[in-house]
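Student: Can we go through this model together? I'd like to start with how the chains touch.

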Protein chains: 4
Amino acid sequence: MNYGLTVIEPVSRRSSLVMSLKNVLVSTRTKYQRVQIVELEEFGTALILDDYIQSTEADEYIYHESLIHPALITHPRPEKVLIVGGGEGASLREVLKHSTVSKAVMVDIDGELVELAKRYLGVMHRGSFDDPRSKVIIMDGLKYIEEATETYDVVILDLTDPFGSDIARALYSSEFYMKLKNRLTHDSVIVSQCGSSFFYPNTYRYIVNNIMKAFKVVREYYVWIPSFGYACNFIIASDRYDPATLSAHDVDELLRRRGVTTRYYSGKVHEALMKLPVIYNSFSMNIDRVY
Amino acid sequence: MNYGLTVIEPVSRRSSLVMSLKNVLVSTRTKYQRVQIVELEEFGTALILDDYIQSTEADEYIYHESLIHPALITHPRPEKVLIVGGGEGASLREVLKHSTVSKAVMVDIDGELVELAKRYLGVMHRGSFDDPRSKVIIMDGLKYIEEATETYDVVILDLTDPFGSDIARALYSSEFYMKLKNRLTHDSVIVSQCGSSFFYPNTYRYIVNNIMKAFKVVREYYVWIPSFGYACNFIIASDRYDPATLSAHDVDELLRRRGVTTRYYSGKVHEALMKLPVIYNSFSMNIDRVY
Amino acid sequence: MNYGLTVIEPVSRRSSLVMSLKNVLVSTRTKYQRVQIVELEEFGTALILDDYIQSTEADEYIYHESLIHPALITHPRPEKVLIVGGGEGASLREVLKHSTVSKAVMVDIDGELVELAKRYLGVMHRGSFDDPRSKVIIMDGLKYIEEATETYDVVILDLTDPFGSDIARALYSSEFYMKLKNRLTHDSVIVSQCGSSFFYPNTYRYIVNNIMKAFKVVREYYVWIPSFGYACNFIIASDRYDPATLSAHDVDELLRRRGVTTRYYSGKVHEALMKLPVIYNSFSMNIDRVY
Amino acid sequence: MNYGLTVIEPVSRRSSLVMSLKNVLVSTRTKYQRVQIVELEEFGTALILDDYIQSTEADEYIYHESLIHPALITHPRPEKVLIVGGGEGASLREVLKHSTVSKAVMVDIDGELVELAKRYLGVMHRGSFDDPRSKVIIMDGLKYIEEATETYDVVILDLTDPFGSDIARALYSSEFYMKLKNRLTHDSVIVSQCGSSFFYPNTYRYIVNNIMKAFKVVREYYVWIPSFGYACNFIIASDRYDPATLSAHDVDELLRRRGVTTRYYSGKVHEALMKLPVIYNSFSMNIDRVY
């Protein structure tokens, strides 16, 4: 066990990750959640919400590139993009890399969090909040989905974990995906981060089933995020486009044409992610209850 | 943090994984290392050597299938296979699945460990020690490589981590790979587990470089192993065959012909593993020293 | 460093103690609580109930001598003694050391626990269950207090912590102490372990106040119990006798006459315990809620 | 549960204490040691040197009053007092409470630490560095003892633990105590904190024996310090005065005459501390090596 300053993060219902801590930049409680911005010895600057690490300087590019680009590449010409959640602005940063995007709306419930991110997490948002194509709306994502009148080409669900804080739970429900369709056109693409199929198999299956009820094409993939202590699962869904039909060459060509540069994602990675089978832990099935 | 009985495992030089423990079956010290066989709540039966988890019932199939099958599939007709390390017998189990294999020799330095595995880890070896094609030699792997006269089609280096106990360090050195060539023919294939490129980037690069000096074709891949707390890196090397040239269809056809059934590995997985880029943590580069 | 097998114990609402574990002898759930009997590297055999260490081979003598002897010495001639709780039999062992005792009744709610203690915790009970003066009654302590007709010279409340499991909470209430008086005579003495005044100041004050409503003489003392991670508080109460009036010489003379031999307790210790002031942590006052 | 920000402190060779952390004020490495000044949820502001908690706002008064007053009270008229170590200035604070003291010299090896303490630990030193009777000398304590020409009525050895960092080890050796006598008169009194007799029995016995070789009167006592995870041992030594001969009344009278007000220490506490027997953990005896 590490001695000294540490962060202890829940990985699953029966496992935790202990990481060495260098400094605490922010430790506060907003109206919605506990927000901590810290420096970790082996992961750099990190955002922690309700004890769950959301993003670290060392590996957030893996998470955000894997969340954003497969979905945006799947749509042939994404212009209007909605991000639900994503307070630190890194999803926005990746969306804005696509030259086709003319409007990127980010809806986050926690305005205090967004202000803290603007001030302390420049290494993550890299000025994306100031892009003229960006618009930030502080509002409950569910309410926005219900009340907005716009439609979007791509919707990114960059939410806190379904098994962690309660704040996001409604945003993984079957009702939510049905309502979400009002913000979509017949050829829109959505993507959601979905926690860990390995450690939360029942919760994950619940989400997959909810999405399958709402969309014709559903593709699952996952990527190891070191600071989460697990491989994060993602689901892309659409009524029209299928990410699994794109070749490495197609993807690389689209990235080039849209002017997208990345550190992790590429045509080869896209192909690989579509091929890896989702894994479940049978021992966790006895422990993971779906609420 | 978990309360109650736990196992705390080093993940990197600055991170640890805490897992709930149900029971201790064996806790002893052999001539070479501390050996513990325990039951974990979320991973089942597990083998721990010098505080590092080697294999758990919940996820060892991911590790052992990823270690064994890409290398054996890369060789068109593997008959004689050498495993260095692999005390719990699960690598042996996977090797024996290939009907082409007529002789599988496992060389492990720790006879006490092998006896404990035979008795307590049936869920892992599944009787593979009793297969007439199996031969277990209790001997220092380096000494065996130096003194044996046999050659092998495939050599599996299933060693403890290069950054963990000292026991295996010599088996990742440049000298070792040169000596190893005496046990190979011109078309042999080798594979080694190589720890974590993300958390031990310098150690990993050191190993890659050592292997590159000795072999013409070198391919790197990695797979998330939940109970390790990281994605484990593997390297396949040969002077003749290249795993990256095999299509999913080729692999599936070979598996079918050799009668190999798996839970994780498949043609698609093979293709995916060859496409994912190795990842390094720049923060760990300042911490990871190579000895 | 604490890698490997460990036990993690709650010390307070914001602190935990991590101890190296050697082996697990019992890990089960009775009708009332989780029971674990383990071997700790630095504390020997230990009994754990619902994640709280109750007794360890290394330091239970400090706890049990401090619980039993001040109360029994305060009574001039304790013949009938009641122990509520005390499943491992070590309180019984200390009570039976007093030659004046003709009857020692132990009432524990958890018969499975007592059976496990008999079998695995000989190092603690040391055969005291077989003493002809001993009688074990498996019954809810509160119910026994309400329904029994006997009276006792000394009553020992050797309960699980008031802030830990729910099982014992009723046995620290004002109502309980009033009912308890029906099992006492005008000169009986009682003693209760009371958790930690430092880490649970509000809970502790609640208990002291409850006892003060019921008894004329109330004395508080505390003793550091290493495996608890804190100094344990005790309260002696009586309507007649006051432990603070006994000199070291008086105590040593009584111990000698009653044939009591001890490892920790003595006349000097008795005097010291009566002199140390109870300590409270003002930071814990904001955290510790009384239910 | 201890998720989130924490400090993990070694308690013994096989135990650790995990405490919730609120904020990091300072985290640096001086020429001599790692210095961290943090805010703990349940202990307030805390000074940590090389992972060992030295002082916390919640309980440093217990430690510093127990270290300083028994020794100063044992001397009938302490005028010149030397403190070796004690960087945070709290020992100085307690020494200066005695109106008899005309000169209090504090020798600490780490000038950077003292400057950090002056700035961040006002809650501990409470301005004692500014008292005209105070003098701070930045120097190796051993060197000061060897080279100074002054003698002192009382010497306080407020050092880091003998088993922790190497920095203080020489200051517990037999040679050191012999040299120390050159800074003493025939009736001087010294006191040293000595770590934990329970968890480091061999180290503690080594220190006691070293002190016994040098002084005619040696008295041992200990006090539970919650944030250390153990009861801290102290040894008072003198060739002339014996703290065990002072009654509670004597002590209270001296405190009153010298104008000393305290939160924990008193005549009764003095008597109690002199009566409690030192405790040793037999399990730790196999683990604790003396270097």
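**Helix against helix**

Tutor: This is a predicted model. In it, A:Lys268, A:Val269, A:Glu271, A:Ala272 and A:Lys275 of helix 9 of chain A meet B:Lys268, B:Val269, B:Glu271, B:Ala272 and B:Lys275 of helix 9 of chain B.

Student: How many residues of that contact are nonpolar, polar or charged?

Tutor: The contact of the two helices has 4 nonpolar and 6 charged residues, and no polar ones.

Student: At what angle do helix 9 of chain A and helix 9 of chain B pack?

Tutor: The angle is about 150°, and the axes are 8 Å apart. Each helix covers residues 267-275 of its chain.

Student: Roughly parallel or roughly antiparallel?

Tutor: Roughly antiparallel, because the angle of about 150° is over the cut-off of 145 degrees.

Student: And is the crossing left-handed or right-handed?

Tutor: Helix 9 of chain A and helix 9 of chain B cross in a left-handed way.

Student: New topic. Which domains does chain A have?

Tutor: Domain 1 spans 6-56 and domain 2 spans 60-285, according to the domain assignment. Their C-alpha centres lie 22 Å apart.

Student: How many residues does each domain of chain A give to the contact?

Tutor: Domain 1 gives 24 residues, and domain 2 gives 24 residues.

Student: Which elements give two or more residues on the domain 1 side?

Tutor: In chain A, they are strand 1 (4-12), strand 2 (15-29), strand 3 (34-40), strand 4 (44-49) and strand 5 (52-56). Strand 5 of chain A has the largest share, 5 residues.

Student: What kinds of residues are on that side of domain 1?

Tutor: The side of domain 1 that touches domain 2 in chain A has 13 nonpolar, 8 polar and 3 charged residues.

Notes: Residues are numbered from 1 along each chain as its sequence is written. Chains are lettered from A and ligands numbered from 1 in the order in which they are written. This is a predicted model: local features need pLDDT of at least 70, side-chain atom pairs count only at pLDDT 80 or more; totals for chains, interfaces and linings use all residues. Domain bounds come from an automatic or database domain assignment. Two residues are in contact if their C-beta atoms, placed from the backbone, lie within 7 Å. Helices (H or I, at least four residues) and strands (E, at least two) are DSSP runs, numbered from the N terminus. Ala, Val, Leu, Ile, Met, Phe, Trp, Tyr, Cys and Pro count as nonpolar, Asp, Glu, Lys and Arg as charged, and the others, Gly among them, as polar. Axes are lines fitted to C-alpha atoms, for helices over the stretch in contact, and angles run from 0 to 180 degrees between N-to-C directions. Angles under 35 degrees count as roughly parallel, over 145 as roughly antiparallel, 65 to 115 as roughly perpendicular and the rest as oblique. A crossing is left-handed if the near helix is turned anticlockwise from the far one by less than a right angle, and right-handed if clockwise.
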